[in-house]
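Me: I'm new to this one. Can you walk me through it?
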Number of protein chains: 2
Amino acid sequence: MVECRQCQSVSEVVKAGFLRGRQRFYCKTCQVHFTVELPAASPQKAARQTTIIDIAKSLGVAPSTVSRALNGSTDINSLTRQEILRVANEMDYRPNLLAQSLHRGETHTIGVVIPNIERPFFAGVLAGIQNVATEAGYRVMICQSNESHSTETLNVQALIASRVDGLLISHSKETTSFEHIRLQLKKGLPIVHFDRVCNEVETAKVVQEDFEGSFALVEHLIQQGCRRIAVCAGPPQLLISQTRLEGYKAALCHYGLPLDDTLIYHTEFKQSESLTALNHWLSLPEPPDGIFAIHYGNAIELLVELKRRKIQIPTEIAVVGFGDELIAELIEPSLTVFHLFPFEMGETAASLLIDNIIHRDTFSLIIKKMRGELRIRKSSMRL
Amino acid sequence: MVECRQCQSVSEVVKAGFLRGRQRFYCKTCQVHFTVELPAASPQKAARQTTIIDIAKSLGVAPSTVSRALNGSTDINSLTRQEILRVANEMDYRPNLLAQSLHRGETHTIGVVIPNIERPFFAGVLAGIQNVATEAGYRVMICQSNESHSTETLNVQALIASRVDGLLISHSKETTSFEHIRLQLKKGLPIVHFDRVCNEVETAKVVQEDFEGSFALVEHLIQQGCRRIAVCAGPPQLLISQTRLEGYKAALCHYGLPLDDTLIYHTEFKQSESLTALNHWLSLPEPPDGIFAIHYGNAIELLVELKRRKIQIPTEIAVVGFGDELIAELIEPSLTVFHLFPFEMGETAASLLIDNIIHRDTFSLIIKKMRGELRIRKSSMRL
DNA sequence: GGCGTTTTCGGAAACGTTTTCGATAGGTAT
DNA sequence: ATACCTATCGAAAACGTTTCCGAAAACGCC
């Protein structure tokens, strides 16, 4: 039936089971197993990018020579290099970064994890990161946690799988455990926290003037004559929420105003929460005469709602918030904010990380605080 | 002086030049060249991610077996798999996507080129892209052209170097030549255009209702009694600018209004250009009684400037624009817009691209048009 | 026990680079 | 010529996977 592949004999060949769907044979004389060949598959080759080997073949030189020509090694004849570069250009050669990275053990890519790319603050940070990274020859890979802890963990794992050289992360509001960070840190991965940082892990960090900004805003309200200042706080587990709340408390304390827990309302950065907060405050026996919103989104919402209810701003209730948005300037009345600089924060974080990547040995653990600016506008100008 | 590496003889060894800084020798008997060994380099090994080989070694099995265990092949004993998975988990194994992609010839990554990540429209598109891509198991790599043609070309090359499986692109306002796109298309790379598309290349496209939206906005102005409608157009080389301008012209024509070129002003999407435009229009013998801004940014700027000059909106001049922004709703007077849905556009573009990647043979060249919505607000309600 | 079969695993090639090592062909002084 | 040297190139290993091929052992059935 079937010829042995080696001795061509037919008589000594016996069947020997199936292997991956194909009949298998055994030649007793040669003592060898084999299967019949499948007809060659589709000769249709998928279009590929040109490789160093393609260039080498077309010129009759070795791949190593081509590599040398492309990488500016001196170990090559200038005529050879010239010719290779010509052909490479002709064939539109683009080095395969996968192969390069695999070989080098570094990708020249940094990973970024943010809660949400649509929030203008984070978009600004991203732009700053890209700016510095591109300048330094690094690529950027962006993941969104969508404010979910499990997604954030998956993001980190995905970036690790892509073998990023370093990690920039701003935590989701859900995140209270930092094992996923600590694990990578232990493996020696450079990590820089920004904005929503945490104290539990030893990384370099870039933060806002959360305490100082809150203090300044509340101080400003007090100076404008407010005596019962409500605060629209963020998720209590988030460190920046806590810090900003402490700034609020410190300002009250500093000016001898009582701390009233009924004036503190925690939100989750969601739509129309500020409405519930407002209802709560207005139902108090002594409603507030000033509101400090940790998040500009809440401040805007409150402004709109107060206007709808025909409550005078700032005379009946003054409003201030953290923020960096154009809208704060354009809305009426314009909103007093502690202005942030997301782009610069992104730049700072990225350059810190890249510095840590390059000088891996002297891993710096500094904490940089970005400067903010109190911008006083109509929503709080009572005097 | 020096022993031959093979025969240990000393007498037959002669110097033979220098090789990369090290003295080279030649043994006449063995006819062999050699250099003296350098002392072994730093034994300090950089921390690495664990590999399949690490797992294999720690269990005494072959790497191929580990691979089988991890990839759910049936060709493996369930106890072996169990043990391998246990160790893999213990060592926090993460597959090296570089190696996987290099082997498979595909990266499961799509590249995105946008003009600017800080523009809320594009941030929204990105979010939509990420949403669909993540769902389909694809990663996303984002580049900004910063409205520069050369940067856009570099972006495309960088993404090609990263061997993305497909490309989503919205052109810079400078881009009038599309060779960088055509080149990749010729190599068989799936490409989908969105928003700022072009007609010169045969790709699938996702566009807005640019013509229809313009027509609807201008029609609305006419119905509100406007008779001299100015248009704040975009960069003339941009296709969407042209299309929106044509919608404007078509509406005028349809309602029998004359076309006046002095009412058309082209901007470059830059700060405070609308000011110059406004000055120009107001200096005309017959100033406009309505303004249509192609870009919401210009519309907002115009609104602010008109207010500053105490020009009544909409009675003296009505304002409308394209846009998707919250700010249009909050500014006073609120802005009438043709509302866009960037998130949905991103989703559509990404699913179109991924479809093209998966069914590479039946490359679909359809053009999808996203639905917009005319949202009438105070800036144009004269009746 | 012999034949046919299945299960389970290892070896090796391949993906596209870079880099190390070594070989060769010419130099240039004696 | 001889001894030493330099310039230029090729071969091969390595990076971490997957996959193809085949081998060995165990299994089933007369």
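This is a predicted model: local features need pLDDT of at least 70, side-chain atom pairs count only at pLDDT 80 or more; totals for chains, interfaces and linings use all residues.

Me: How many residues of chain A are in contact with chain B?
Reply: 45 residues of chain A touch 45 residues of chain B.

Me: And how much area do chain A and chain B bury between them?
Reply: About 4100 Å², with 60% of it on carbon and sulfur atoms. On the chain A side, A:L98, A:R163 and A:K187 supply 17% of the buried area, more than any other three residues.

Me: What does the side chain of A:K187 meet in a salt bridge?
Reply: The side chain of B:D92, at 2.7 Å from N to O. The count between the two chains is 4 salt bridges. There are also 14 residue pairs in polar contact, both residues at pLDDT 80 or more.

Me: What classes of residue are on the side of chain A that touches chain B?
Reply: That side has 24 nonpolar, 11 polar and 10 charged residues.

Me: New topic. How many aromatic pairs are there over all chains?
Reply: 11 in the whole structure. One of them is B:F121 with B:F122, edge-to-face, 5.3 Å centre to centre with 80° between the planes.

Me: Are B:F121 and B:F122 buried or exposed?
Reply: Both B:F121 and B:F122 are buried.

Me: Why is the pair B:F322 and B:F338 edge-to-face?
Reply: Their planes are at 65°, so the pair counts as edge-to-face; the centres are 5.5 Å apart. B:F322 sits in strand 12 and B:F338 in strand 13 of chain B, 16 residues apart. Both B:F322 and B:F338 are buried.

Me: Which residues form an aromatic cluster in chain A?
Reply: A:Y248, A:F292, A:F322 and A:F338 form one cluster.

Definitions and conventions: Residues are numbered from 1 along each chain as its sequence is written. Chains are lettered from A and ligands numbered from 1 in the order in which they are written. Side-chain values use heavy atoms; hydrogens and water are left out. Contact means heavy atoms within 4.5 Å. Buried area is the accessible area (1.4 Å probe) that two parts lose on being put together, summed over both. A polar contact is a pair of N or O atoms within 3.5 Å; within protein, one must be able to donate a hydrogen and the other to accept it, and residues adjacent in sequence count only if both atoms are side-chain atoms. Ala, Val, Leu, Ile, Met, Phe, Trp, Tyr, Cys and Pro count as nonpolar, Asp, Glu, Lys and Arg as charged, and the others, Gly among them, as polar. Rings of Phe, Tyr and Trp (its six-membered ring) pair if their centres lie within 6.5 Å; planes under 30 degrees apart count as stacked, over 60 as edge-to-face and the rest as tilted. Buried means under 20% relative accessible area, exposed over 50%, partly exposed in between (1.4 Å probe, protein chains only). Helices (H or I, at least four residues) and strands (E, at least two) are DSSP runs, numbered from the N terminus.
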